[in-house]
Amino acid sequence: MDRRSFLRASTVGAGAAAATTLATPLVAQSTRTLTMVTSWPRGFAVLDDAASYFETMVREMSGGSLVIDKKAPGELVGAFEVFDAVSSGQADLYHSADYYFIGQHPGYAYFTAVPFGGTAQEVSNWYYHGGGEELHDELGSIFNLKGLIAGNSGSQSGGWFRNEITSADDFNGLKFRMPGLGGQVLTKMGASVQNIPGGELYQALSSGALDGLEWVGPMADERAGFQEVAKVYYTAGFHEPGSALAANVNLDVWNELSDQHKAILRYASMATTQFQLAETLANNGAALARLQAQGVKTLQFSDDVWDAFGAASKEVMDENMNDELFAKIRASFEESLATSAAWINKSDGYYVEQRVRVLGQ
């Protein structure tokens, strides 16, 4: 190669290298990072699992063009401050349980769980095919939020107690942790109800600040260590038959996103809901066996206690009916529930009864 040819080739090569070098900042500039505040300490079984899975799904589905920077409580705001942080624009989205925020509006209870409400499947039926998602957005528009459901822990346990519950009267004066409208039900039954963040529950129970608490279910409860300080565990509860989690986005941020990024957030939230529900249900049985092996006594509330739960629940629900949007959400939810139950009770419900009768499992 003569000198002129060499120089010409070198110039072309340098130009190609420069183009390659310049391309990197362009990719970096196109990446959007969203700050997500959560109500869950890092490593918390089920709940932080869902937030972490959502974070991963968004990054992988977007090819890295949309990234979530996940913050645990205390890293930016407290566990129960995430709603206000996202509503005001201090953070871009939150991962939490919307029933923590019934103080903002009682309708938010429906986007986690309500007393004697829907199972996980029934909640999804309503949310995606019965108008629930649209109502989540209608409610969210009041607070500058776009609603997304991102997780469901399934049916939650009745809770941990120091002593057995022999009648509804045993709740009178009981210091108990239960958020949402379920907590208002226990208040009507005489309990002293507190809403304490998950990261503080073990200490509150072990110190005697609480007489009992409900958290999630065997997998999450075992990880939290409640079996070390209480030995009476009621495995079925009235308050959260199918508990959804939310990944609500600041509405201004949502409106700025491309259609592709909006779709990624929505579909990642749907994938998270299915993943978390399967993870929880796949692990609860083995976790329950380990709890029992450690001396935990598993029980069910008696029918008269369930009747008391039901009567108090109706009072609590009816007391919120003077709010027009709450009434609208409740009517939509209950219509969907009736439609779902009409088939589920005659198919899945009956099938499971027969499987247990025939095969014993």
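Predicted model: local features only at pLDDT ≥ 70, side-chain atom pairs only at ≥ 80, totals over all residues.
Which residues is Phe 111 in contact with, leaving aside its neighbours within four places in sequence?

Select Phe 111 and show what surrounds it. Leaving aside neighbours within four places in sequence, Phe 111 is in contact with Asp 98, Trp 126, Tyr 127, Gly 132, Leu 135, His 136, Leu 139, Ile 149, Ala 244 and Ile 329.

Next, select Phe 54, Phe 171 and Trp 215 along with Phe 111: these are the residues with the most contacts inside the largest nonpolar core, a set of 97 residues. Then colour residues 47-61, helix H2, which gives the most to this core, with six residues.

Now go to Trp 40, in the loop between strand S1 (32-38) and H2. Trp 40 has a relative accessible area of 2%, so it counts as buried. Select His 95 as well: its side chain and that of Trp 40 are joined by a polar contact of 2.9 Å. Residues up to four places away in sequence aside, Trp 40 also touches others, including Leu 47, Asp 48, Ala 51, Tyr 100, Trp 215 and Leu 245. For a distance check, pick the C-alpha atoms of Trp 40 and Val 86: they are separated by 16 Å, and the two residues lie 46 residues apart along the chain.

The last stop is Ser 153, in the loop between strand S5 (149-152) and strand S6 (159-161). Ser 153 is buried, with a relative accessible area of 2%. Beyond neighbours within four places in sequence, select Val 46, Val 216, Ser 243, Gln 276, Leu 277 and Thr 280, which are in contact with Ser 153.

Notes: Residues numbered from 1 in each chain as written. Heavy atoms only, no water. Helix = DSSP H or I, 4+ residues; strand = E, 2+ residues; numbered from the N terminus. Buried < 20%, exposed > 50% of the residue type's maximum accessible area, 1.4 Å probe, protein only. Contact = heavy atoms within 4.5 Å. Core = buried A, V, L, I, M, F, W, Y, C linked by side-chain atoms within 4.5 Å. Polar contact = N/O pair within 3.5 Å; in protein donor to acceptor, adjacent residues only side chain to side chain.
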